[in-house]
Amino acid sequence: MHTDPAPTKASQPHTVSVHSLVEFVLQAGDLTAGGFQKRDRAQLGTQGHKQVQRSRPEDYHSEVEITFRVEDAELPIDVQGRIDGLYTSREPVILEEIKTTTLNLELVSEQHNPLHWAQAQCYAYMYARQQQLSGVTIHLTYYHLDSRQEKTFGRHYPMAELETFFLNLITPYRDWFRKVHAIQAERDRSIQQLDFPYAEYRPGQREMAVAVYKAIRSSDHLYVQSPTGVGKTIAALFPAVKALGQGLATKIFYLTAKTSGRAAAEKALEDMRQAGLQFKSVTLTAKEKICFCPPVACDPEGCVFARDYFGKAKRALEEIDRHQAFTRPVIEAIARKYELCPFEFSLDLALWVDCIICDYNHAFDPRVYLHRFFDFRAEPYIFLVDEAHNLPDRARSMYSAELEKKTVLTLQRTLKPHLPALARNLNAINKVLLETRKACQAEGRQALVEYAPPEALLKAVREFNQQAEDWLVMNQPAAFRQELLEFYFLCSTYLRTAEYFDTFYVSYFERQGQGGLRAKLFCLDPAPMLAGPLERSRATIFFSATLLPLDYFTKLLTGAADHPRRIFQSPFPAENVSLLIHNGISTRYARRADSYAEIASAVESTCSAHVGNYLVFFPSYAYLAAVLEHLKERLPEEQLLVQDRGMTESAREAFLAQFSAGNQETLVGLVVMGGIFGEGIDLVGERLIGAVVVGVGVPQVCLENDLIKEYFDRQNVNGFAYAYQYPGFNRVLQATGRVIRTETDRGSIVLIDERFAQARYRHLFPTHWRGFEVVHNTSEIKEKLTRFWSQE
């Protein structure tokens with residue numbers, strides 16, 4: 001059901017492709033995983049088309065572009081596409097539709113896929129009308145990608161039959177289009193009349209909204225550093241909605257890193273709807289999370305939600321006028337009502353809504369980005385990148401790939417009795433990895449780093465994948481199939497990533513445990529890789545409360561390109577927070593053992609100054625555990641709440657639920673910086689009155705961070721800052737941002753580390769930290785905080 005949304009202006013013809021038109025009206029049957037297809041199936045299909053076209057005689061015309069206007073006083077429609085081949089000098093004219101396949105041609109019948117005939121008939125009608133022909137002969141040719149054999153079916157269609165077919169096709173689409181157009185016309189009217197949904201702008205909020213609108217109007221990217229309290233979400237969405245209503249964009253993509261960001265966007269849109277906005281949005285949830293029949297397989301034999309999906313989806317789409325916000329609960333309710341796959345239905349809805357709220361990967365990840373929007377059309381989209389400080393690391397992960405020796409060996413043992421030839425291919429991969437590990441050992445190194453693609457490994461992986469494809473494409477059931485398929489996809493990602501290899505990549509092999517080895521293609525600088533996806537938008541707005549320092553983030557996201565930046569001030573009264581820097585304690589790794597008791601004392605002094613709820617952020621679980629032992633001697637254990645490794649979402653919610661504004665005794669939560677409590681939590685008012693941050697947040701020294709450091713040193717910027725200092729300080733900013741969430745909140749923040757008082761850190765401080773005070777011992781903490789809380 002991949003079809004094209006309507007324009008916002010009635011005077012402009014709506015454009016729909018032949019492929020999309022046919023699919024929307026005629027696609028029927030089950031939703032299936034479609035069986036396995038080779039990694040380069042699309043590329044091979046294009047090559048197959050060209051091979052067939054090159055084999056045709058001289059009077060054959062290939063790739064003939066065609067557009068046909070369906071006239072309508074109010075809603076004209078342009079149907080367009082590209083005819084694979086034409087014999088224009090023949091009588092009657094012959095139109096060829098080419099399809100590539102890996103299915104045995106003996107199994108391909110004339111009725112193999114009715115949609116193939118439908119596309120050809122659509123092209124035939126359009127061409128016959130334009131050329132005033134009485135009829136057209138259609139050749140439907142199937143080309144086998146492996147054998148390179150062809151099988152052709154022929155039919156002649158008189159003009160009257162083609163016209164009847166086309167009218168039966170375009171009529172239901174036009175009826176649907178009228179409905180969508182009426183919805184969008186009402187949307188545009190509501191946008192024109194929409195005022196800012198709140199009684200007044202917060203300080204900086206109007207200025208941010210104006211900056212966002214200007215960036216959209218000028219088709220630019222914008223960086224916005226906007227502290228908690230400015231109201232970033234509505235300040236980004238409101239001008240984007242206005243721009244869409246003016247025809248500057250066809251769709252808004254609100255891109256987030258965490259579920260909390262999606263909830264904020266849903267609320268901002270709902271607030272605008274309460275002010276009169278008619279505006280449809282859909283929230284995309286990961287397939288694994290929303291699937292009604294896990295594990296995800298999309299097998300109509302075992303999943304009723306996949307069975308007859310396309311027939312049921314058409315009926316479900318009729319509910320588009322009954323909802324404005326297609327949130328996860330709404331999608332699930334509709335999907336259960338019509339027995340539909342909720343994930344696939346959310347994607348089909350996305351084609352017809354105005355705003356898509358989704359994870360970063362739907363726009364940027366080469367493995368899972370939304371092909372239906374970004375592959376075949378160049379429309380003016382707006383990207384709103386929420387909490388953009390998360391994107392550099394996420395992007396590095398998207399554009400990197402790795403393989404582990406342990407996985408290779410395990411799969412090799414599994415396949416040996418069943419697919420010995422494939423097991424030998426795995427042995428070849430293992431041999432390369434084993435030789436590399438021995439080389440590391442011989443040289444006494446933990447890792448081998450190369451600044452060129454690992455050709456020997458790539459050759460072995462490529463040969464394995466080719467052989468694996470030959471077996472997987474047969475779609476035979478086997479106990480080991482899923483394990484093989486998962487490793488095949490890992491190898492495919494590794495091979496694809498190798499194609500990106502450039503000066504901003506590195507290949508490394510790192511020893512792991514007893515006999516283990518990890519081979520990784522690591523993206524050092526995500527900016528060059530993000531450039532392509534960012535071209536899919538008219539404008540991209542990067543915004544966050546912790547987008548500091550801006551030079552660092554602009555370099556990692558858009559490189560050397562010059563884009564506008566705006567830094568806004570905190571709207572909260574400076575006197576509402578007491579910010580203390582304890583410079584009498586060093587948390588450097590070599591001196592940590594000496595700091596445990598002192599940190600426990602500082603935490604006790606902070607919490608004893610005023611009864612309430614506190615969070616203490618540590619650089620690691622080990623550090624947390626060591627200080628915890630000392631805290632147990634100073635505070636009652638029932639007042640201590642400790643984050644566990646691998647907390648589930650429900651455990652996280654239960655943890656946060658204990659931070660109640662009605663607590664009569666002090667509660668101290670011990671958590672890890674940069675983890676699940678480091679951002680995306682909103683403990684307003686008395687639910688959290690203080691935070692203690694232990695250390696400057698510097699990530700653990702490791703191979704990857706050292707490689708990033710070396711890369712940026714070569715770029716003539718401060719490599720240590722890019723690899724360690726700036727990412728660490730961003731964790732600190734996120735942690736401290738949990739305390740003051742509204743203009744009436746009051747609270748204390750204690751930063752423990754001598755480095756915070758040094759110039760190289762002070763110059764990173766946001767402007768609302770200007771009133772910090774330096775203390776040298778725990779008694780000063782108690783004294784200053786007691787004075788602060790007495791001023792309530």
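Entry 1: I began where Leu 391, Pro 392 and Arg 396 of H14 meet Phe 553, Leu 556 and Leu 557 of H20; contact here means heavy atoms within 4.5 Å. I sorted the residues of this H14–H20 contact by class and got 5 nonpolar, no polar and 1 charged. For those classes, Ala, Val, Leu, Ile, Met, Phe, Trp, Tyr, Cys and Pro count as nonpolar, Asp, Glu, Lys and Arg as charged, and the others, Gly among them, as polar.

A note on the source: this is a predicted model, in which local features need pLDDT of at least 70 and side-chain atom pairs count only at pLDDT 80 or more, while totals for chains, interfaces and linings use all residues. Residues are numbered from 1 along each chain as its sequence is written, and side-chain values use heavy atoms, with hydrogens and water left out.

I then looked up the geometry: H14 (residues 391-398) and H20 (residues 550-558) pack at about 25 degrees, with axes 10 Å apart. That makes H14 roughly parallel to H20 (under 35 degrees is roughly parallel, over 145 roughly antiparallel, 65 to 115 roughly perpendicular, and the rest oblique). Axes are lines fitted to C-alpha atoms, for helices over the stretch in contact, and angles run from 0 to 180 degrees between N-to-C directions. Helices (H or I, at least four residues) and strands (E, at least two) are DSSP runs, numbered from the N terminus. The H14–H20 crossing is left-handed, that is, the near helix is turned anticlockwise from the far one by less than a right angle; clockwise would be right-handed.

Entry 2: I found H5 (residues 205-217) packing on H6 (residues 232-245) at about 40 degrees, with axes 8 Å apart. That makes H5 oblique to H6, and the crossing is right-handed. On the H5 side I noted Met 208, Val 212 and Ile 216 among the residues that meet H6, whose own contributors include Ile 234, Pro 239 and Ala 243. By class, I read 11 nonpolar, 1 polar and 1 charged residues in the contact of H5 with H6.

**Entry 3: the cores.** Which residues have the most contacts inside the largest nonpolar core? I got Val 79, Tyr 173, Phe 364, Ile 429, Phe 464 and Leu 484, in a core of 194 residues. A nonpolar core is a set of buried Ala, Val, Leu, Ile, Met, Phe, Trp, Tyr and Cys residues joined through side-chain atoms within 4.5 Å. Helix H3 (residues 114-131) gives this core its largest share, 11 residues. Apart from this core lies another of 37 residues, Ile 191, Val 212, Ala 215 and Leu 269 among them. Leaving aside neighbours within four places in sequence, Val 79 touches residues including Val 16, Phe 68, Met 126 and Ile 170.

**Entry 4: single residues.** Is Glu 679 buried or exposed? At 11% relative accessibility, Glu 679 counts as buried (buried is under 20% relative accessible area, exposed over 50%, partly exposed in between, with a 1.4 Å probe and protein chains only). Glu 679 sits in the loop between strands E22 (667-672) and E23 (690-694). Beyond four places in sequence, its contacts include Lys 258, His 389, Arg 652 and Arg 738. Glu 679 and Ser 260 are 419 residues apart in sequence, yet 9.2 Å apart C-alpha to C-alpha.
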